[in-house]
Amino acid sequence: MSPSGTASQQQRSTPGASAKSVIVSDISWERALERALAELGDSRPDVVFLFASAAYGEFIPALVQKAWEATGSMLLLGCTSSGIIGNGLEAEREPALSMMALSLPGATLRPVRLTQSMLEDECDPADLRRRLGVEEDSLSGWLLMADPFRMDASLMLSRLNEAYPGAPMIGGLAAPSEHQRRTWVFLNGQVYGDGGIGLAVGGDYDLISMVSQGCEPIGETWTITGVDDQWIESISNRPALNVLAESLAVLPEGMQEEAERNLVAGLAADEYRDRFGRGDFLIRNIVEFNWKRGALALAARPRIGQTIQFHLRDAATASLDLRLMLTDLQETLAGRTAVAGLLYACSGRGTTMFGVPDHDAGEVASRLMGMPHSGIVAAGEIGPVGNRTFLHGFTLSLGVIATRTTVTPADTDAAAGITRID
């Protein structure tokens with residue numbers, strides 16, 4: 001994206017729902033916001049999402065307050081991050097902001113503020129639903145954002161999974177700028193340096209989720225038989241490293257050395273499946289080997305009896321997986337209007353993995369043409385696997401707000417429109 005680039009996108013659906021999004025890159029937060037507001041126009045939306053570069057730092061409170069007042073929206077949610085996404089562009093290491101304004105007639109929208117102390121309180125799922133003011137029967141899904149330093153995101157998801165079983169949840173953890181150890185989340189005119197925020201979506205709209213982990217399984221599935229905290233000591237009653245070596249041995253000889261640099265572990269998300277395939281595992285980094293013990297350590301706490309399969313992660317596999325998942329998403333959305341999307345892509349992807357800019361956002365834009373989208377480069381991605389939501393790494397999570405009523409192809413073609421300004 002050019003240093004002063006702007007891109008905007010707009011779509012209107014037949015029931016009256018509409019969305020418009022814009023991404024602006026500028027070293028001045030005031031100029032960036034002024035240009036973004038000019039592109040959004042005076043639409044008085046129901047909800048606005050705002051994602052701002054962490055590089056704007058001390059000016060974030062002023063930026064958020066001005067944005068909320070200027071849009072006239074009842075609801076404004078968002079966060080800072082090291083990279084900002086919008087309309088097929090990824091501003092990874094440059095000051096930028098992305099805004100998306102949505103009008104959703106017939107929607108039920110409930111914003112919530114989540115804190116660590118709230119999640120640590122002893123309360124059952126019914127109590128948590130009452131505290132949040134969101135009941136199961138009114139919910140289509142959650143859009144979530146959180147601080148990675150002062151919020152236990154795994155605990156947050158565990159509590160929400162218990163309170164809203166089966167509800168899709170999409171979101172991400174804000175990523176700090178280099179040498180920073182702080183992020184901010186926004187709710188209306190307020191800026192918070194801890195905790196998280198969420199938007200419960202319901203009414204006439206569904207939240208359709210997509211999670212692309214970008215990994216290819218190798219070898220067989222195995223059962224973990226010995227653990228010590230993060231360490232897997234034995235798999236199928238054999239030293240874990242012996243099983244790993246056996247999994248690598250199935251690869252062609254020329255791939256084995258490269259595979260060692262791209263190796264990750266997949267832990268089954270659902271132990272009750274008869275067969276496992278792509279996307280059925282939670283991908284976790286292998287952080288250490290102990291050759292004397294024959295053990296390996298994960299960036300997770302595995303359990304005895306859990307199913308494990310080793311995976312490879314590289315740019316080609318990640319690209320293929322994203323295209324396959326987007327094809328599945330297109331089929332799911334057939335006959336509906338995709339009003340808008342919220343996109344969260346791991347900071348380990350982007351140019352670091354693919355060697356080119358805008359890879360993930362560009363794929364989303366090309367496959368879901370006409371759908372405004374906005375989001376961040378994330379320090380952790382939130383998305384469901386099966387009927388439960390998890391915290392992921394090296395993943396792309398996408399949540400699409402879609403109408404429940406179907407429209408004809410002619411209606412959809414006439415409604416969609418894109419405007420780009422460079």
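Residues are numbered from 1 along each chain as its sequence is written, and side-chain values use heavy atoms, with hydrogens and water left out. In this predicted model, local features need pLDDT of at least 70 and side-chain atom pairs count only at pLDDT 80 or more, while totals for chains, interfaces and linings use all residues.

**View A. Packing of helix 1 (residues 29-40) with helix 2 (residues 60-71).**
The two helices, taken as DSSP runs of H or I with at least four residues and numbered from the N terminus, pack at an angle of about 20° with their axes 11 Å apart. Axes here are lines fitted to C-alpha atoms over the stretch in contact, and angles run from 0 to 180 degrees between N-to-C directions. Helix 1 is therefore roughly parallel to helix 2 (angles under 35 degrees), and helix 1 passes helix 2 in a right-handed crossing (the near helix is turned clockwise from the far one by less than a right angle). Trp29, Leu33 and Leu37 of helix 1 meet Ala62, Leu63, Lys66, Ala67, Ala70 and Thr71 of helix 2, where contact means heavy atoms within 4.5 Å. By class, this contact has seven nonpolar, one polar and one charged residues (Ala, Val, Leu, Ile, Met, Phe, Trp, Tyr, Cys and Pro count as nonpolar, Asp, Glu, Lys and Arg as charged, and the others, Gly among them, as polar).

**View B. Packing of helix 8 (residues 315-333) with helix 10 (residues 359-367).**
An angle of about 30° and an axis separation of 11 Å describe this pair, which makes helix 8 roughly parallel to helix 10; their crossing is right-handed. Helix 8 contributes Ser319, Leu322, Arg323, Leu326, Thr327 and Gln330 to the contact, and helix 10 contributes His359, Asp360, Glu363, Val364 and Arg367. Sorted by class, the contact comprises three nonpolar, four polar and four charged residues.

**View C. The aromatic pair of Phe51 and Tyr344.**
Five aromatic pairs are found in the whole structure (ring centres within 6.5 Å, with the six-membered ring used for Trp). Phe51 and Tyr344 are edge-to-face (planes over 60 degrees apart), at 6.4 Å centre to centre and 85° between the planes. The pair links Phe51 in strand 3 (residues 47-53) with Tyr344 in strand 23 (residues 338-346), 293 residues apart, strands being DSSP runs of E with at least two residues. Both Phe51 and Tyr344 are buried (under 20% relative accessible area, 1.4 Å probe, protein chains only).

**View D. The aromatic pair of Phe276 and Phe281.**

Conventions. Angles under 35 degrees count as roughly parallel, over 145 as roughly antiparallel, 65 to 115 as roughly perpendicular and the rest as oblique. Rings of Phe, Tyr and Trp (its six-membered ring) pair if their centres lie within 6.5 Å; planes under 30 degrees apart count as stacked, over 60 as edge-to-face and the rest as tilted. Buried means under 20% relative accessible area, exposed over 50%, partly exposed in between (1.4 Å probe, protein chains only).
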